[in-house]
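Here is a short report on one protein model. Please look at the sequence and the 3D view before reading on.

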Amino acid sequence: MKAIQRFDAETISPAKPVTRQTFDEVMVPIYAPSAMVPVRALGLDLWDQQGKQYLDLTAGIGVTSLGHAHPAVVDALRTQAEKLWHVGNGYTNEPVLQLARALTDATFADRAFFCNSGAEANEAAFKLARKYAHAKFGPGKSRILSCVNSFHGRTLFTVSVGGQPKYTEGFEPLPPQLSHIPFNDIAAARAAIGDDVCAVVVEPVQGEGGVLPAAPEYLKTLRELCDTSGALLIFDEVQCGMGRTGELFAYMGYGVTPDILTSAKALGNGYPVGAMLTTEAVAGAFKVGSHGTTYGGNPLAAAVALRVLQTINTPAFLARVKQASATLVRKLEQLARDYPQVFAQVRGSGLMLGMVLADGWRGKAKDIIRAAEAQGLMLLIAGPDVVRLLPALVVSDAQIDEAMSRLRGALDGMLGALPGAGK
Ligand code: PLP
């Protein structure tokens, strides 16, 4: 029998020492994290257990967009932590109302729903779309269309809507009435959006699927097709929203307005929060009791998100994102020219960028990010063939230069290690 440990009521026992090995002993094995364990971070600098410094161009997968421990965000959290943490949905609270007011003032939306993650924001969006269509058109209108290789979260509903079979295998039976169409394929969308479709969901810039921006014409056509067929258009801006493309939300740059928009990740800069934004008419399909969550709209999360929104949604901040993007793209394109055997293309939008690997290097994205990490640079992958960069939006030109130099060091090391290969 396993011995159960209890804490001493009189003293707070220090936590037991842990290492990366502890992960393999006590965590459900759904991730394969890096060998280094981050312990502290500020801005784009991060330090591991051994005190080694890294330049973080991942922002925790597009989350810490204002950098780690941004003083304004820390201040918002600290101030709220001393006032009110949680009240439950039997009461509302000031921070959540201020956040809802600020988000609806800043976007097409009239109404906001808050939750704790991107998956939950999408889950709410899909449920709302079904409820709206059933009330307006009857139960036959329930199909949700999404794009091949899209990613909308890991609940059973959202992972089934996302078009990646590797994430749904073994979890069958999956929710019915879901179909997938190729991304950016206008003809396929025309053929698929029929009377039984209640919603079309799309990431304006596909993230996990390989950092692929939607073509403007594609989103415009989806809007038209949804209008004609009575389907709702849902933009999943969990990764590409909150300033990432240089607009507060990507839809603003496209000039195509969705009926529902979902946000999470950077909305809380690391404090878990998600939001579903929609119009008055669509929100009206939900009544008291239709949906809910204990923590959604929690005062702590709301106070943080409000401060994040206030910081990001200024003309100067967003202009700087575009400027930093231009600089980073220029340097990445130079890098791709200098290492043509490794990189075929640079693509993306704003500070959501992907370097597509050349044919001879296909499948090696993870090897590159491991080599970069050894040089003190944190990068991401987007599938096996794309190295992804999601730096904090506050990245400086000097940090971009330093990142390029560390990445070149990593590539030189990899190329030097190849038998008979020069640079
Ligand atoms: N939607 C998109 C576009 C995402 O990139 C992600 C996460 O990567 C999600 C939804 C799911 O968000 P979460 O992991 O917060 O549930």
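## Salt bridges

The model is predicted. It holds 15 salt bridges.

| Pair | N to O distance |
|---|---|
| Asp227 and Arg223 | 2.8 Å |
| Arg362 and Asp359 | 3.4 Å |
| Arg370 and Asp367 | 4.0 Å |

Start with Asp227 and Arg223. Both lie in helix H9, which spans residues 216–229. Four residues separate Asp227 from Arg223, about one turn of the helix. Arg223 counts as buried, because its relative accessibility is 15% and the limit is under 20%. This pair also belongs to a network of salt bridges that links Arg223, Asp227 and Asp259.

Arg370 is exposed, at 53% relative accessible area. Asp367 is partly exposed, at 34%.

In the remaining pair of the table, Asp359 is the partner of Arg362. Asp359 is exposed, with a relative accessible area of 64%.

## Nonpolar cores

Which residues touch the most other members of the largest nonpolar core? They are Tyr218, Phe343 and Ile368, in a core of 87 residues. Take Ile368 and set aside its neighbours within four places in sequence. Its contacts are then Val342, Phe343, Leu357, Trp361, Val387, Leu407, Leu411 and Met414.

A second core is separate and has 24 residues. Its members include Cys198, Val201, Ile234 and Ile260.

## Cysteines

How many disulfides does a search of the whole structure find? The count is zero. Two cysteines show the distances involved. The closest cysteine sulfur to that of Cys198 belongs to Cys226, 10 Å away. A disulfide needs sulfur atoms within 2.5 Å, so this pair is too far apart for a bond. For Cys240, the closest cysteine sulfur is in Cys147, at 12 Å, which is also too far for a bond.

Cys198 is buried, with a relative accessible area of 1%. Cys240 counts as buried as well, at 1% relative accessibility.

## A buried loop residue

Asn298 lies in the loop between helix H11 (280–283) and helix H12 (299–312). Is Asn298 buried or exposed? It is buried, because its relative accessible area is 9%, and buried means under 20%. Which residues does Asn298 contact, leaving aside its neighbours within four places in sequence? They are Trp85, His86 and Tyr271.

## A nonpolar patch on the surface

Val28, Ile30 and Tyr31 form a nonpolar patch on the surface. Together they have about 380 Å² of accessible area. Ile30 is placed in the loop between helix H1 (20–26) and strand E1 (38–42). Ile30 counts as exposed, because its relative accessibility is 60%, and exposed means over 50%.

Ile30 and Asn298 both lie in loops. Ile30 is exposed, whereas Asn298 is buried.

Terms used
Residues numbered from 1 in each chain as written. Predicted model: local features only at pLDDT ≥ 70, side-chain atom pairs only at ≥ 80, totals over all residues. Heavy atoms only, no water. Patch = residues over 30% accessible without salt bridge, like charges linked within 9 Å, V, L, I, M, F, W, Y side chains within 5 Å. Areas by Shrake-Rupley, 256 points an atom, 1.4 Å probe, with all protein chains shown as cover. Salt bridge = Lys/Arg side-chain N within 4 Å of Asp/Glu carboxyl O. Helix = DSSP H or I, 4+ residues; strand = E, 2+ residues; numbered from the N terminus. Buried < 20%, exposed > 50% of the residue type's maximum accessible area, 1.4 Å probe, protein only. Core = buried A, V, L, I, M, F, W, Y, C linked by side-chain atoms within 4.5 Å. Contact = heavy atoms within 4.5 Å.
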